Amino acid sequence: IAMTVVETFNSFNTPVSIVASDLDTSVLAVAEKGSYPHDRVDKISPERMSRFFLRGTGVQEGSYTVKPELRRMISFQRLNLLEPNWSVRGPLDVLFCRNVMIYFDKPTQYKILARFAPLMSDNGLLFAGHSESFNHASKLFRLRGKTIYERVPAAR
(Lines give C-alpha, C1' and ligand atoms only; values in the text may rest on other atoms or scores of the structure.)
Protein backbone atom coordinates (compact mmCIF):
# COMPACT_ATOMS: atom_id res chain seq x y z
CA ILE A 1 0.00 0.00 0.00
CA ALA A 2 2.78 2.42 0.92
CA MET A 3 4.63 1.71 -2.33
CA THR A 4 1.47 2.43 -4.32
CA VAL A 5 0.96 5.69 -2.41
CA VAL A 6 4.53 6.81 -3.14
CA GLU A 7 4.12 5.91 -6.81
CA THR A 8 0.82 7.78 -7.01
CA PHE A 9 2.26 10.97 -5.49
CA ASN A 10 5.74 10.38 -6.96
CA SER A 11 7.13 11.29 -3.56
CA PHE A 12 7.78 9.85 -0.13
CA ASN A 13 6.26 13.03 1.32
CA THR A 14 2.54 12.40 0.91
CA PRO A 15 -0.60 13.45 2.76
CA VAL A 16 -1.23 9.77 3.48
CA SER A 17 -0.62 7.97 6.73
CA ILE A 18 -1.01 4.23 7.10
CA VAL A 19 -1.92 2.36 10.25
CA ALA A 20 -1.09 -1.34 10.13
CA SER A 21 -2.77 -3.34 12.84
CA ASP A 22 -2.97 -6.90 14.06
CA LEU A 23 -3.91 -8.73 17.20
CA ASP A 24 -0.57 -10.55 17.30
CA THR A 25 2.31 -8.37 18.49
CA SER A 26 4.91 -10.79 17.07
CA VAL A 27 3.35 -10.39 13.61
CA LEU A 28 3.50 -6.61 14.06
CA ALA A 29 7.16 -6.79 15.11
CA VAL A 30 8.07 -8.75 11.97
CA ALA A 31 6.10 -6.33 9.78
CA GLU A 32 7.65 -3.28 11.43
CA LYS A 33 11.13 -4.66 10.86
CA GLY A 34 10.35 -4.79 7.14
CA SER A 35 12.98 -7.39 6.33
CA TYR A 36 12.24 -10.13 3.82
CA PRO A 37 14.12 -13.11 2.40
CA HIS A 38 14.73 -13.05 -1.35
CA ASP A 39 11.96 -15.54 -2.12
CA ARG A 40 9.34 -13.21 -0.56
CA VAL A 41 10.25 -10.27 -2.82
CA ASP A 42 11.44 -11.99 -6.00
CA LYS A 43 8.22 -11.12 -7.87
CA ILE A 44 8.62 -7.39 -7.22
CA SER A 45 9.91 -5.53 -10.26
CA PRO A 46 13.57 -4.46 -10.33
CA GLU A 47 12.43 -0.81 -10.44
CA ARG A 48 10.38 -1.19 -7.27
CA MET A 49 13.16 -3.14 -5.56
CA SER A 50 15.61 -0.35 -6.30
CA ARG A 51 13.22 2.39 -5.17
CA PHE A 52 11.86 0.76 -2.01
CA PHE A 53 14.33 -1.82 -0.67
CA LEU A 54 17.90 -2.08 0.55
CA ARG A 55 19.86 -5.24 -0.21
CA GLY A 56 21.22 -7.01 2.86
CA THR A 57 24.97 -7.44 3.28
CA GLY A 58 27.07 -9.62 5.56
CA VAL A 59 24.86 -11.75 7.78
CA GLN A 60 21.85 -10.11 6.12
CA GLU A 61 22.93 -11.14 2.62
CA GLY A 62 20.03 -12.63 0.69
CA SER A 63 17.50 -10.47 2.48
CA TYR A 64 15.94 -7.15 1.62
CA THR A 65 14.78 -4.43 3.98
CA VAL A 66 12.21 -1.74 3.28
CA LYS A 67 13.86 1.68 3.03
CA PRO A 68 13.35 3.90 6.10
CA GLU A 69 11.52 6.61 4.16
CA LEU A 70 8.86 4.08 3.21
CA ARG A 71 8.63 2.56 6.70
CA ARG A 72 8.11 6.02 8.21
CA MET A 73 4.77 6.23 6.40
CA ILE A 74 3.40 3.35 8.47
CA SER A 75 2.59 3.08 12.15
CA PHE A 76 2.12 -0.37 13.62
CA GLN A 77 -0.46 -0.90 16.34
CA ARG A 78 -1.92 -3.86 18.16
CA LEU A 79 -5.67 -3.95 17.69
CA ASN A 80 -8.21 -6.40 19.04
CA LEU A 81 -11.51 -5.77 17.28
CA LEU A 82 -13.38 -7.22 20.26
CA GLU A 83 -11.87 -4.87 22.86
CA PRO A 84 -13.94 -1.84 23.88
CA ASN A 85 -11.21 0.74 23.20
CA TRP A 86 -9.32 1.09 19.95
CA SER A 87 -6.23 3.21 19.44
CA VAL A 88 -7.16 3.87 15.81
CA ARG A 89 -8.82 7.23 15.21
CA GLY A 90 -10.59 8.61 12.16
CA PRO A 91 -11.43 9.91 9.79
CA LEU A 92 -10.22 7.02 7.67
CA ASP A 93 -10.51 7.26 3.90
CA VAL A 94 -9.76 3.58 3.34
CA LEU A 95 -9.94 0.64 5.71
CA PHE A 96 -8.61 -2.78 4.73
CA CYS A 97 -10.12 -5.50 6.89
CA ARG A 98 -9.52 -8.54 4.77
CA ASN A 99 -10.13 -12.12 5.84
CA VAL A 100 -10.70 -11.17 9.48
CA MET A 101 -14.46 -10.92 9.77
CA ILE A 102 -14.94 -14.51 8.61
CA TYR A 103 -13.92 -15.57 12.12
CA PHE A 104 -16.88 -13.77 13.69
CA ASP A 105 -20.60 -14.56 13.63
CA LYS A 106 -22.94 -12.08 11.90
CA PRO A 107 -24.00 -10.23 15.09
CA THR A 108 -20.36 -9.69 16.08
CA GLN A 109 -19.51 -8.60 12.55
CA TYR A 110 -22.31 -6.06 12.71
CA LYS A 111 -21.04 -4.67 16.03
CA ILE A 112 -17.55 -4.27 14.59
CA LEU A 113 -18.86 -2.68 11.38
CA ALA A 114 -20.95 -0.30 13.51
CA ARG A 115 -17.71 0.78 15.18
CA PHE A 116 -15.95 1.15 11.82
CA ALA A 117 -18.62 3.43 10.32
CA PRO A 118 -18.02 6.50 12.54
CA LEU A 119 -14.28 6.21 11.92
CA MET A 120 -14.78 6.51 8.16
CA SER A 121 -14.69 9.71 6.14
CA ASP A 122 -17.78 10.63 4.11
CA ASN A 123 -16.44 8.80 1.06
CA GLY A 124 -14.71 6.10 3.08
CA LEU A 125 -14.15 2.68 1.55
CA LEU A 126 -13.93 -0.64 3.34
CA PHE A 127 -12.05 -3.44 1.57
CA ALA A 128 -13.07 -6.94 2.65
CA GLY A 129 -11.81 -10.39 1.73
CA HIS A 130 -13.26 -12.36 -1.16
CA SER A 131 -15.08 -14.75 1.17
CA GLU A 132 -16.63 -11.96 3.27
CA SER A 133 -20.03 -10.40 2.74
CA PHE A 134 -21.63 -7.63 4.76
CA ASN A 135 -25.12 -7.66 3.25
CA HIS A 136 -26.48 -7.96 6.80
CA ALA A 137 -25.00 -4.52 7.55
CA SER A 138 -26.49 -2.64 4.59
CA LYS A 139 -27.53 0.22 6.90
CA LEU A 140 -23.84 0.82 7.58
CA PHE A 141 -22.02 -0.15 4.38
CA ARG A 142 -23.20 -0.79 0.84
CA LEU A 143 -21.45 -2.91 -1.75
CA ARG A 144 -19.57 -0.88 -4.33
CA GLY A 145 -17.52 -3.65 -5.96
CA LYS A 146 -16.84 -7.34 -5.42
CA THR A 147 -15.07 -6.77 -2.10
CA ILE A 148 -15.38 -3.01 -1.70
CA TYR A 149 -17.97 -1.36 0.51
CA GLU A 150 -18.69 2.31 1.01
CA ARG A 151 -19.98 3.84 4.18
CA VAL A 152 -23.65 4.70 4.06
CA PRO A 153 -23.76 8.48 4.70
CA ALA A 154 -26.26 8.17 7.55
CA ALA A 155 -24.05 5.59 9.32
CA ARG A 156 -22.40 7.98 11.74
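**Patches and ring pairs**

Tutor: Ile 1, Val 94 and Phe 96 make up a nonpolar surface patch, whose accessible area together is about 290 Å². This is a predicted model, in which local features need pLDDT of at least 70, side-chain atom pairs count only at pLDDT 80 or more, and totals for chains, interfaces and linings use all residues. Residues are numbered from 1 along each chain as its sequence is written, and side-chain values use heavy atoms, leaving out hydrogens and water.

Student: How many aromatic pairs does a search of the whole structure find?

Tutor: A pair of aromatic rings is described by the distance of the centres and the angle of the planes. Rings of Phe, Tyr and Trp (its six-membered ring) pair if their centres lie within 6.5 Å; planes under 30 degrees apart are stacked, over 60 edge-to-face, and the rest tilted. The search finds five such pairs. One of them joins Phe 12 and Phe 52, with centres 6.0 Å apart and planes at 75°, so this pair is edge-to-face.

Student: Is Phe 52 buried or exposed?

Tutor: Buried means under 20% relative accessible area, exposed over 50%, and partly exposed in between (1.4 Å probe, protein chains only). Phe 52 has a relative accessible area of 0%, so this residue is buried. Phe 12, at 25%, is partly exposed.

Student: What kind of pair do Phe 134 and Tyr 149 form?

Tutor: Their ring centres are 5.0 Å apart and their planes stand at 40°, so the pair is tilted. Both Phe 134 and Tyr 149 are buried.

Notes. Patches are made of residues with over 30% relative accessible area and no salt bridge: like charges are joined within 9 Å, nonpolar side chains (Val, Leu, Ile, Met, Phe, Trp, Tyr) within 5 Å. Accessible areas come from the Shrake-Rupley method with a 1.4 Å probe; for residues, only the protein chains shown count as cover. A salt bridge is a side-chain nitrogen of Lys or Arg within 4 Å of a carboxyl oxygen of Asp or Glu.
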